[in-house]
Amino acid sequence: MFSPRPVNVFSYPLPVNNQGFSSGFCMISDQLYQALQDLVGKKNVSLERTDRITHSYDATQHEHLPEAVVYAATALEVQEVVRLANRHRVPIIPRGAGSGFTGGTLPVQGGIVLVLTRMNRILEIDQENLTATVEPGVITAELQRQVEQLDLFYPPDPASREFCTLGGNVAECAGGPRCVKYGVTKDYVLGLEVVTPTGDLIHTGGVTMKNVVGYDLTRLFIGSEGTLGIVTRITLRLLPKPAAKKTMLIQFGSIEGAARAVSAIIAGRIIPTTLEFLDANTLACIRDNPELPIVEACQALLIVEVDGDEDMLERQAETVLKLVAELDVVHTETARSEAESEAIWQVRRSVSPAVRRINPNKFNEDIVVPRSRVPDMIRALDRLSERYQVPIVNFGHAGDGNIHVNVMVDLSQPGMQETVDQVLEQIFQTTVDLGGSISGEHGIGTAKAPYLHLELDQATRAYMLTIKRALDPDNILNPGKIFLADDQATEQLR
Amino acid sequence: MKELQLFAEAIDQCVRCGACQAHCPVYDQERSEGTVARGKLALAKALLNGQVQIEQRLAEDLSLCLMCGSCVLKCPNKVPTDQIVGAMRRLITADQGLTPSARAVSALTGSPRLLNRLVKTVDLLSPALFRKVPSSSGLRLRFPLPGQHNRTLPATASQSLFARFPEYTQGQADRPVVGIFAGCATSYLFPAIGAAMITLLTRLGFSLFFPHDQGCCGIPARSAGNGRLIDQLSSANLRAFSRRPVDYIVTACASCNAGLRQLSVPDGPPPFADKVLDIHQLLCQEGIDRQLAALPRGRQAVTVSYHDPCHLRTRGISEEPRRLLQALPDCDFVEMSGADRCCGLGGTFSMHHYGCSQAIGRRKLPGLTASNAALLATACPGCMIQLQDTINHAGLPVRTVHSLELIIQALDGQRP
Ligand SMILES: Cc1cc2nc3c(=O)[nH]c(=O)nc-3n(C[C@H](O)[C@H](O)[C@H](O)COP(=O)(O)OP(=O)(O)OC[C@H]3O[C@@H](n4cnc5c(N)ncnc54)[C@H](O)[C@@H]3O)c2cc1C
Ligand code: SF4
Ligand code: SF4
């Protein structure tokens, strides 16, 4: 099944700023360059250094130069580019907005970065069936604005929604604060049009809510990080827009109080839209900001938002406050207006810039643990912080146990990289030990590939690799992602 | 390279989050990474560490920036991309010389004398710079530059502002001395705006210092990457305003406001940074908004909306012009959606990329149309030119005005 190749193309060399490309693949020949120009037009393909540099990174801040950059306008073009790449043995790396946090769109083995941002038409908003059909380059918030004008609602709300693309959301299965109540990207994708790694155009799912015909390929592609196919069209499920929302800020004297409050709210049969928490270390970073309403005794806080019909909200908010009242609460506040709600969210938004002031380098991990284990995880993180003497601040989506763990270091200190590597490994091990997962929404890419084995056993990895190899025999599509080159599981394949 | 080096630390502050994509008007059109702040900063870094040399594509990407500062405002680390682009453009200019349109702009803004004479002898000079066309439907002057043949421009005024007002006007002894910075567009294209500003400030009892040897604020030169001209204009303006001590320097042009603030000396902080005031700020300080609100209301109001010039909006000045407009007795103020979107002018940007500039301008139209405004007020003559051009091309029955024109009319009991 596999074409003989002198080197293992699942290799995982990660030198920053790689100039040469790993062997196994071919360079872009004059012939291929010409063919690409004929296909997408001279203006939409470039081998210039300038363009290679501006397409060499994503939000991980790592850099790998591609050999070429191509902007696609149609599925047909995508298909033809993929076929050319197969013929010429050159990797293809799909790229949306390049806001990924795990290196998904980094051309770690050179090749062609295929940019999809110009495929950005909203093709249809079907108000009768509550669906939207879009091209992959549509920006998440743009779709949300369009559907909200029609009193409809597309819930997944990654913090990057003003600039990330829906194609990227599908590829990473993006989530956000609202996911406690509404679920993540995969809960909204009904159907996909996908260009396969060998250049075929296939259609998965459809436009209906129910569909059990054949394998559920839609789910296979969601979260596949551009390694199994290039999404060229997406059909999404929409909801009616909730009439109103209510935001509450609840401050606690301890993380235990906050954690028990989360359980109490859920056990009280209330599913808030969002349940965000900030731990004591995070609070320490923003406490000096006098504009934020944080009281002195506060050691953890929750931002709780409920949504629905206006008349229900008041009651829900009261119930929430009653449920948590005995749990070490030191202060509560319920927004009475949009402005007050904004002021509460400002607390959450002020975190990222403030955290950066601790140290120049941030390792941002998005682990998930079962909701009830959040306090255990936070305590374990505090111990790690103590033991390795590195600041770790934690905040995130308490409602679904998704914690954003930020290890803040100064990499210019000697030996710091090794320390960070150890700390991260420990964090992921603890996460898995607690029954959790090493990534809730950002994906694996290159950043978490070294830790994949902590969560997935060898047989499972081999199963996944078998799928990848069957669909992409020449490993053309986004090579070097998710799995390590020397993954033991590859042996099980031979 | 030395100048870019000064920004090395700022460039490193870019964490490549990509948030600027949501705020860059050029990216919104082009949707390519080279046009957005993150891409430009990546190129700046690559230039600094020798990973790339100045090449045609790099110069093209750098020309695709309005220097509007929208990205800076929303950047979590406030990386000053607009200034970094300025430094890179100067580097390119030093390396490759000025482009033809940058040369034209520099010739124009670099010489008050040339401009002055130009006004008097438009016909004589027009083959070189401007060409007069029949004055039908607002289409009067055209740029003889490639890609500009469709641009509609206001006519130059018959008498410049300098010919109409003296250098010094004594006000009440206990009131501050205000320096007047007019700017090119106000002096030569829209002297009525400058006249309104000077008249209002005189009535308020300020002493006015209006040095006639002031030059261009330097924004077009910055946009064109003409480092030598920026220095020349800086020293000309410093010299002009050092002739008399002033408490503030007031301008009615958002771009001049930005230009004066950025005006720099070799060592030491920018000398005018704390002195420059937008005219609307000063009028609000003086209670003109309350004075307007107290005027008797007319029966038939004209609907007026407001466009935020980037150079004011990114400095947090958006409240004051609105407060004044809302207080106008014969106007109904309506907020239009997309009021804070860039008009697309961007200094020399619209000369290099008129098509893209027009497309950015057109993004204003849905909001403007929905607002039903008959007048579109703004606080920058540059924006006025661009907005009116956009409106002309769309064939909308809307006139752009400077808010000052409406304010002085109202105070004088005239209807807009
Ligand atoms: C400030 C900030 C906040 C963030 N907040 C969140 C958050 O709250 N929740 C969250 O889940 N994520 C978050 N992210 C991460 C990121 O925005 C998401 O992963 C997003 O889905 C990536 O979309 P993109 O368009 O930027 O994709 P890119 O980064 O361009 O690509 C990501 C991956 O998708 C693949 N890909 C892109 N388009 C396609 C396509 N059409 N077909 C196949 N594969 C494709 C790429 O090859 C790559 O593997 C955040 C990022 C930033 C910078
Ligand atoms: S928003 Fe600022 S930090 Fe983020 S990519 Fe743009 S310039 Fe860099
Ligand atoms: S200054 Fe304006 S045009 Fe230039 S990169 Fe920033 S937002 Fe874009």
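In which helix of chain B is the place of Ala10(B)? Ala10(B) belongs to helix α2 (residues 8–12) of chain B, where helices (H or I, at least four residues) and strands (E, at least two) are DSSP runs numbered from the N terminus. The model is a predicted one, in which local features need pLDDT of at least 70 and side-chain atom pairs count only at pLDDT 80 or more, whereas totals for chains, interfaces and linings use all residues. Residues are numbered from 1 along each chain as its sequence is written, chains are lettered from A and ligands numbered from 1 in the order in which they are written, and side-chain values use heavy atoms, with hydrogens and water left out.

When residues up to four places away in sequence are not counted, Ala10(B) touches Val79(B), Pro80(B) and Ile84(B), contact meaning heavy atoms within 4.5 Å. Its C-alpha atom is separated by 8.7 Å from that of Lys78(B), 68 residues apart along the chain.

The shell around ligand 3 has nine nonpolar, two polar and no charged residues, including Cys24(B), Cys65(B), Cys68(B) and Cys71(B), and α3 (25–30) and α6 (70–74) of chain B each supply at least two of its residues.

In chain A, an open sheet of four strands has the order β1-β2-β4-β3, with mixed pairing, two strands being paired if DSSP finds at least two bridges between them. Strands β1 (45–46) and β3 (92–95) of chain A each have a single partner strand, so one side of each is left without a neighbour in the sheet. Strands β2 (residues 68–71) and β4 (residues 112–115) of chain A are parallel over four bridges, with Val70(A) opposite Leu114(A) in β4(A). Helix α3 (residues 75–88) of chain A packs on this sheet, touching β2, β3 and β4, and its direction makes about 155° with that of β3(A); axes are lines fitted to C-alpha atoms, for helices over the stretch in contact, and angles run from 0 to 180 degrees between N-to-C directions.

In chain B, four strands form an open sheet in the order β9-β8-β10-β11 with parallel pairing, and the edge strands β9 (331–333) and β11 (399–402) each pair on one side only.

Notes: Near = heavy atom within 4 Å. Nonpolar A, V, L, I, M, F, W, Y, C, P; charged D, E, K, R; others polar.
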